[in-house]
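User: I am new to this structure. Please take me through one part of it closely.

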There are 2 protein chains.
Amino acid sequence: MNALIDVVVERLTRMLIPRPITMRATEGDFELDGTTGICASAELAGVSAWLQGALRPATGLSMGESSHGSIRLSMEPALGAEAFQLAVTPDGIRIEGGDAAGLFYGCQALLQLLPPAVFRRSKVSGVRWVVPAVKIQDAPRFAWRGTMLDVARHFMPKHDVLRFIDLMAMHRLNVLHLHLTEDQGWRIEILRYPRLTEVGAWRRESQVGAEADARGDGRPHGGYYAQDDIREIVAYAAERFITVVPEIESPGHVQAALAAYPELGVTGEQLEVWTRWGINPNVLNVEESTVDFFTNVLDEVMELFPSPYIGVGGDECPKDQWRADPRTQQRMAELGVQDEEALQSWFIRRLDDHLTAAGRRLFGWDEILEGGLASGATVASWRGMTGAITAARRGHDVVACPDDGAYLDYRQSDSADEPIPVGIVLTVADVYGFEPIPAELTKDEARHVLGGQANIWTEHMDSPRMVDFFAFPRLCALAETLWSTKERAYDDFAGRLDEHLARLDALGVEYRRPFGPLPWQKRPGIAGRPSTPDQRAAHIAQMVANIGG
Amino acid sequence: MNALIDVVVERLTRMLIPRPITMRATEGDFELDGTTGICASAELAGVSAWLQGALRPATGLSMGESSHGSIRLSMEPALGAEAFQLAVTPDGIRIEGGDAAGLFYGCQALLQLLPPAVFRRSKVSGVRWVVPAVKIQDAPRFAWRGTMLDVARHFMPKHDVLRFIDLMAMHRLNVLHLHLTEDQGWRIEILRYPRLTEVGAWRRESQVGAEADARGDGRPHGGYYAQDDIREIVAYAAERFITVVPEIESPGHVQAALAAYPELGVTGEQLEVWTRWGINPNVLNVEESTVDFFTNVLDEVMELFPSPYIGVGGDECPKDQWRADPRTQQRMAELGVQDEEALQSWFIRRLDDHLTAAGRRLFGWDEILEGGLASGATVASWRGMTGAITAARRGHDVVACPDDGAYLDYRQSDSADEPIPVGIVLTVADVYGFEPIPAELTKDEARHVLGGQANIWTEHMDSPRMVDFFAFPRLCALAETLWSTKERAYDDFAGRLDEHLARLDALGVEYRRPFGPLPWQKRPGIAGRPSTPDQRAAHIAQMVANIGG
């Protein structure tokens, strides 16, 4: 049969299928029609059902399961984890997965081989559902291909999260790091502490723009996920081979929790859920009762999230309140803790002990390197790649998400038209050029780099529509970056991205156009806080100065 | 087998299944499990596939199609249009439809018989999928059970429209009247006139609140549906037995079109897409070229929408510009038209002729009664029920959507906490009490009342989240009102609605809570324009004074 296959790609190493393949039509092609069925063993019923559900709406073909089906799904463990092989001949389509995830990615690749209209959700007339003759073998470079979604600064309704998960799955991303708690809102129901959502799930208003003296919008904002919603999100993601890694921020970024339970704070003052953006001075106290509160919260979180990794935050915790507070100073003396940096480490280690005892691994921002950690602790390196280097050298696993390569809230061009421009310019090409493994690492050290993730901070994305604008198409580039080998060229990607935009159009993704924002994606008159690369470098260098090497 | 059925409801006439039925568990119940299949003839494959897709996510059961399936779907034309019969015994579930739509409603009733978790989109653990033993026969009272969704004042992204369609289908509503064009935005791509969306699809800013001197928000707003998006929406709705009735407003409510093509206006002035709410003085001129423009637009609309009804608006067209404009006065003389009211009739009749010649029926607001109309023209009666009475007496079909019974933008209580409260108070009970057939009509005249619809005007709903708040649960009440016989009591409905809210929770619908808006659903400090029933009555009376009886 292979004689009829024009294109054989033994190792594609690209997430977006090259254009020449999807544009071809030869006698070796296969066309889906009313007789096409799916054949899969019982253990693959989940993927088979997913594929059926993905193909049916646009094609109108019912694609029943049948032992004679011409789409044949099977396992071939020799391919390895997350790998797949896809072969199309006039007789049918064969997808083999190294595991169920690999099989799923083979199915996603199949969707890319079909006309973009396959991504529409009702029957499309006048399209022939032809799959080009091809043989592809592929596997991802990294095991952690993630997106951090900040649903705390702006709440994203559950169904929009599910839609986002579908978009991640389409791009073969496999980790959704859900940033659930912040100064500005607490988004997950905790049964033991109902005030976290009764009080903490909404704020009075939001700061408009990034300037320190920006006005407030005078409009309440809020929302949270009930535990059943969380279960639904986690299971929905799992059915798409995405692990949801929850994050409960501590000991900083906690003002929403302090508004609900002032006794957790250093001052005990009754605060409101924060209405400003930026770094907040109000942090947790370090009493045993506060450690208990957070380990109790983490117990409910572990019950809901099967993820091996549980995020505890750990970033941007100002030490001023601890320094000024006699009781905290007394507590430090009792604990034999030298300084406030060590106190933060002590706090994080307490959570680490709790998670480790429960068989989970602590996941935190690179500031957690400032003290000792359990060996299982995993670090998200965000202040450039310094944290990644430090962590890997100390033997910790690392997820690379440097702000200058993977922060999708950063502005997409240096045009004044970009909505609320912050940070340095990070174009699609910049993101495509991101390399998760620092050149400084030895081969052994580099093995600690699990992969990378995009971080989508939503201070300035107040609706799912704006998230679309900031995330796409940069997330497409990042997804291919994390899937592909190091040898790749943006020019080659750009052509494939062009074709991919038609898929995003079919899905109604409001991505940033190559020429810039559409008129209604702009935010005229709302100040951002753009920085030059030099300014950014100086700022980051100052922030990481105390990590050491 | 019927011996095991505890509850036999020969004619339920309720859209929400009574609580005692869903709460029961008897030996006559049927439990879905891994062996459950669906049996349906080929002509019912669409409904069968839909049911399979509706049951699979939460249950995790694949529900394959099989001739031995214990969920049996079939047609029983004797039941009548849109009617169904549903019988559950320990041996299985049998759903018969008078037609495919009736079968679909039987499937929706089946979902209501299952635990609310069935509406979640991924596998739910720990739930037994038990369907109580029951026999139900049901059929709707009205053939037109609609919702008007204003996607012009605030654009609703395509995927949110599809979600709204799912929510309508769940409530057995069958007409989506899509209000696509307005002073504040033109939302449908017209290939012949690209500036309608290039220029008309977005506005510079939006008025905040309902007061005449309200400030603007300084933020652009926009969006539109490409023709492929429209096709997808129409087909998606059709697969759920919902007809999408498009509306292209004329000769008023056209400022977005005038901004794109100033030559359509009376003054020829270059206007911007309107940033205010309310009635706008800028209307179409009545040149042949303008009639041609709109009939050309309607040609593309008819190509996209198979609906027998095509909306042309016709409401709230101020005549001041026509009165003041010498050319319009000259044109009136040429046409032999007496006054400006007759001129509006002349314009609407031109569109009516065009639609009628194409085999469609003109659909417009009750102001179109002000002149003569083709007999097929259908009237949406919004200024109370006066228009309904007039239209039916003149032999026109009528859709009842009186502002005082079916305007879901009206405030839901008299509390100051209601977000931007406008109009009179319209509670769930008020909507449930809405009767589409005016008592004044004879039996023959009453046959012209096709049914009714909710109207969701979105000036003050700037996101799908706010649409949820205003639409639900009042739309549930309206749906049952349009489905049920006249003999119904709110107290009986209220108990069933309580149970129904759990379904909305599972779906993530952000409905208004019985106690009022959640903190983040409020709009403190933003003025509405509430009216008393007397003020409203006087206002409407003044507006309808020139219709006659």
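Which residue in β15(B) does His179(B) stand opposite?

Analyst: His179(B) stands opposite Glu247(B) in β15(B). A word on the ground rules comes before the rest. This is a predicted model, where local features need pLDDT of at least 70, side-chain atom pairs count only at pLDDT 80 or more, and totals for chains, interfaces and linings use all residues. Residues are numbered from 1 along each chain as its sequence is written, while chains are lettered from A and ligands numbered from 1 in the order in which they are written.

Now the strand itself. β15(B) covers residues 243-250 of chain B. Strands here are DSSP runs of E with at least two residues, numbered from the N terminus; helices are runs of H or I with at least four. β15(B) is mostly covered, with seven of its eight residues buried. Buried means that 20 or more other C-beta atoms, placed from the backbone, lie within 10 Å of the residue's own; 12 or fewer means exposed, and in between is partly exposed.

Next, the partners. Two strands pair if DSSP finds at least two bridges between them. One partner of β15(B) is strand β10 of chain B, residues 175-179. Five bridges join these two strands, and they run parallel. The pair His179(B) and Glu247(B) belongs here.

Another partner is strand β16 of chain B, residues 309-313. Its pairing with β15(B) is also parallel, over two bridges. Here Ser250(B) stands opposite Gly313(B).
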